[in-house]
Amino acid sequence: MSTIRITKQFSFETGHALYGYDGKCKNVHGHSYKLSVTVSGTPIKDSTNVKFGMVIDFGDLKKIVNEEIVDIFDHATVFNKNTPHVDLAKELIDRGHHVLLVDYQPTSEMMVIDFAKKIKNRLPENIKLHAIKLQETDSSFAEWYASEN
């Protein structure tokens, strides 16, 4: 049977700041991110299986991505924990804000690498992560492809 790719799209709001950056993004700001996750596999052949004809149930993919990415990053502010931004993060946490401290510069490029690892770890054995696209503005996005990694 043919290998098929399916894609599910997500959206979430996240703030961040890029420590040491020489442009406006050094300031705390936010994006309305759009995330596309594409997986590949062969449709289930067993006609007695409730998921017959599906590569993966879109609902199952949604559950994985929501638990690993969307529910964690939505309405959070992300800082690199290896920079002085950690002091700002601690103050925001003390004031009740949702802050994520990551071990990378929170650019779209680094976020898609992080997201790929998290999603790949949760996919069923027969399903492969094909690509991730993280769009931070209408004209700017980062993409990750399994074939290149």
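**Briefing: helix packing and annotated sites**

The crossing of α1 and α3 is right-handed. This description rests on a predicted model.

**Packing of α1 against α3**

- Two packed helices are described by the angle between their axes and by the distance between those axes.
- For α1 and helix α3, which spans residues 108-122, the angle is about 145° and the axes are 8 Å apart.
- On the α1 side, the contact is made by Ile 64, Val 65, Glu 67, Glu 68, Ile 69 and Phe 73.
- On the α3 side, the residues that meet them are Met 111, Asp 114, Phe 115, Lys 118, Ile 119 and Arg 122.
- By residue class, the contact of α1 with α3 comprises seven nonpolar and five charged residues, with no polar ones.

**Helix α2 and its two faces**

- Helix α2 covers residues 85-94, and its buried residues are His 85, Val 86, Ala 89 and Leu 92.
- Viewed down the axis of α2, these buried residues fall within an arc of 120°, so they line one face of the helix.
- The cover over the buried residues of α2 includes the strands β3 and β4, the latter at residues 99-102.
- Asp 87 and Asp 94 are exposed residues on the face of α2 that is turned away from its buried side.

- Cys 25 is located in the loop that lies between β1 (4-16) and β2 (29-41).
- The relative accessibility of Cys 25 is 24%, and Cys 25 therefore counts as partly exposed, since the buried class requires a value under 20% and the exposed class a value over 50%.
- Leaving aside residues up to four places away in sequence, Cys 25 touches Ala 17 and Leu 18.
- His 75 occupies the loop between α1 (58-73) and β3 (76-80).
- His 75 counts as exposed because its relative accessibility is 60%.
- With residues up to four places away in sequence again not counted, His 75 touches Glu 13 and His 98.

Methods: Residues numbered from 1 in each chain as written. Predicted model: local features only at pLDDT ≥ 70, side-chain atom pairs only at ≥ 80, totals over all residues. Heavy atoms only, no water. Helix = DSSP H or I, 4+ residues; strand = E, 2+ residues; numbered from the N terminus. Buried < 20%, exposed > 50% of the residue type's maximum accessible area, 1.4 Å probe, protein only. Contact = heavy atoms within 4.5 Å. Arc of directions from axis to C-beta. Axes fitted to C-alpha atoms, helices over the stretch in contact; angles between N-to-C directions. Left-handed = near helix turned anticlockwise from the far one by under 90°. Nonpolar A, V, L, I, M, F, W, Y, C, P; charged D, E, K, R; others polar.
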